[in-house]
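Here are some notes to read beside the model. Please keep the sequence and the 3D view open while going through them.

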Amino acid sequence: MKKILIANRGEIAVRIARGCRDMGIPVAAVYSDVDRASLHVLEADEAVRIGPAPALESYLNVDAVIGAARTVGADAIHPGYGFLAENWQFAKRCEDERIKFIGPPSAALRLVGDKIRSRETMLAEGVPIIPGMLQAGGGDDACIAKAGEMGYPVLVKASAGGGGKGMQIVRSKGELPNALATARRVAKSAFGDDTVYVEKLIERPRHVEFQVLADEHGNVVHLFERECSIQRRHQKIVEESPSTALTPELRARMGETAVRAARAAGYANAGTVEFLLDEDGSFYFLEVNARIQVEHPVTELVTGVDLVREQILVASGRKLDLKQADLVQRGHAIECRIYAEDPANGFLPSPGRIVSLREPAGPGVRHDSGIYEGWEVPVHYAPILSKLIVHAADREAARHRMLRALSEFAVLGIATTIEYLREIVASEAFAAGRTQTDFIEKHMADRRPAAPDESAVHEALVAAALFLSSKTGREAPGRRRESSPWDALGSWSIGRRSS
Amino acid sequence: MEFEFSVAGKKRTVTLEGKPPDARVVIDGREYRVDWANVPGGIISMIVEGRSRTARVARREGGLAVWVGGHRLDLDLGSADDAVESVRAGGGGSGIIKAPMPGTVVKVLVQEGSSVSVGQSLVIVEAMKMENDVRASVAGVVRKVNVSAGDSVGTTEPMVEIEPAGDKPTC
């Protein structure tokens, strides 16, 4: 490949750029007006402006992105994750314009993006999907029969709409008729349609996904799992590999199923097959994520495979030189996603200038960062700042390494989720590997930010006093407001506000 | 030199005397011997009774943000009452409602003359792909609305001004 344009921003654009440059391939970045000084622009060989801040007018603007590729003479576009990465029309446009889209063919992208078609394809392939009535409709008798067949507990769901409206959990046959009646009533009133269906309820599931890699010659391998059950509001925040819930036998079965799913979809390049894993070891296909994922470094550290490099090689037409039998998991990796959100304030986003930054480093620590000291975090995009990934010989060593790395991580000027993540990783439940999708709800929901311990408070007070008394403190940049009392202060006797 | 801070709502007094390597800091009657040096980049290296700590300090609204030894703390300047006043987005009992973070106004839910209760959503502000409700901190009547949908807002301009009903609440 002569030149790759990265149609993305932030930490993933920086990571992909490094991958390209590792291979000696020049990189072109795109940026919106607020991203002119963002790290992914600073780290590229060329950069093209694609529009004003709003994503719709910039990173999601297909014409602008294609135009930028033409301007720099890029022969390939890497879409990263989010934005246009899973937009099959964009992939098709690239194909029409003879620019290589580093990802699956547009037809495969289209198929896996359609939940119903995906499920039908997987069902035909013998890939397990969550048992339920594929076709809604049929009266109460059909529902009761299906529930009996699947086994309890089951969910009664409205066919016409989502959001869990009208959903009923049913634990025994006796409860089902009433649940059906209630669900129908609520569905009728919410959606104007009282059609319902039953689906198996997976209780306390784990979200376990498998990384797959397929070339354009029909070779497919899996690179094992990532455990992604720790989620807040359905957003993953901590991921790891291996999963504490998988035996070698279960891993082999799930891996083989993931490969089968990828083949069935006609997939090429890197992708992820998501499963829900029940406590009894049954697993069910959820969907295919047809992109390089946020948490891909977890797999890279455990397998030693550079996924972005493999993506570029596959897109260049090369055959995979990875053989399933040669792939192994070594040690344990954990990732924490670092967000610009304030856990003490309802996780409100925290844009602003990063006034002071110290990033973790050292053995077994990888920080995929999109930030730098002095950078202004914009309000227009998702608040992910960076990913902190650690690798060590086993899970406990990795957990301690993550705690060490989080304790080295200093950010001032914006709020971040660093301390919140530390509490998760330090928790007894996490240490014991009890990571199901209800982890946050169960262990962190009633959490009050821990009261700072006295010696930390004293050290902070000493530091604050030293800061205010020093030349640095008087002149330091920081958020200076027009009517700051500091500008009015003459003598240094007291830190009280002047009125 | 004497300083007054609030930490988690509690007032703390700190005095600093002398110069490194034998400076003395007194906090709540407890005296510490401190050696310290400013490291380029706004970093303070402290050795407090043999314990080596690196500190980073930055200004924030209402006080200082400190990171030291792996812990991040917010210190408010002035008394505890002042701290609560400055930290609460919206200005507390005064009924002046500001945005808690910079963003774009999506929707204004009230108008001049609207009666509002405490906690009622007044304006929806979008930031970082999420919509956030900015709520009334006092009950009363909306005296002024300074923004409309599409406006960019920062954290200093009053978006909505409420005439509090009855007596001002005490902190």
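1. Basis. This is a predicted model, in which local features need pLDDT of at least 70 and side-chain atom pairs count only at pLDDT 80 or more, while totals for chains, interfaces and linings use all residues. Residues are numbered from 1 along each chain as its sequence is written, and chains are lettered from A and ligands numbered from 1 in the order in which they are written.

2. Confidence. The predictor gives the complex an ipTM of 0.77 and a pTM of 0.82. Chain B has an average pLDDT of 81, and 85% of its residues score at least 70; pLDDT is the predictor's confidence in each residue, from 0 to 100. Helices (H or I, at least four residues) and strands (E, at least two) are DSSP runs, numbered from the N terminus.

3. Over residues 79-92 of chain B the pLDDT stays under 50, and the model has 32 contacts beyond four places in sequence for them. A contact means that the C-beta atoms of two residues, placed from the backbone, lie within 7 Å. Residues 167-171 of chain B also have a pLDDT below 50, with six contacts beyond near neighbours in sequence. Where pLDDT is low, the predicted coordinates should not be read in detail.

4. The contact between the chains. Chain B contributes 52 residues and chain A 44 residues. On the side of chain B, strand S6 (residues 51-60) gives the most, with seven residues. That side has 32 nonpolar, nine polar and 11 charged residues. Here Ala, Val, Leu, Ile, Met, Phe, Trp, Tyr, Cys and Pro count as nonpolar, Asp, Glu, Lys and Arg as charged, and the others, Gly among them, as polar.

5. Strand S2 of chain A. Six of the six residues of S2(A) (residues 27-32) are buried, so the strand is largely enclosed by the rest of the structure. Buried means 20 or more other C-beta atoms within 10 Å of a residue's own, exposed means 12 or fewer, and partly exposed lies in between; C-beta atoms are placed from the backbone. One face holds Val27(A), Ala29(A) and Tyr31(A), and the other Ala28(A), Val30(A) and Ser32(A).

6. Neighbours of S2(A). Strand S1 (residues 4-6) of chain A runs parallel to S2(A) and is joined to it by three bridges; two strands pair if DSSP finds at least two bridges between them. Ile6(A) stands opposite Ala29(A). Strand S3 (residues 46-51) of chain A is also parallel to S2(A), with five bridges, and Gly51(A) is the bridge partner of Ser32(A).

7. Cis peptide bonds. Which residues are joined by a cis peptide bond in chain A? They are Tyr152(A) and Pro153(A), with omega about 5°. In chain B, a cis bond with omega about 5° joins Pro20(B) and Pro21(B).

8. Most residues other than glycine have a negative phi, and most peptide bonds are trans. Phe83(A) is not a glycine, yet has a positive phi of about 45°; Phe83(A) is buried, with 22 other C-beta atoms within 10 Å. Phe347(A) has a positive phi near 60° and is partly exposed, with 18 other C-beta atoms within 10 Å.
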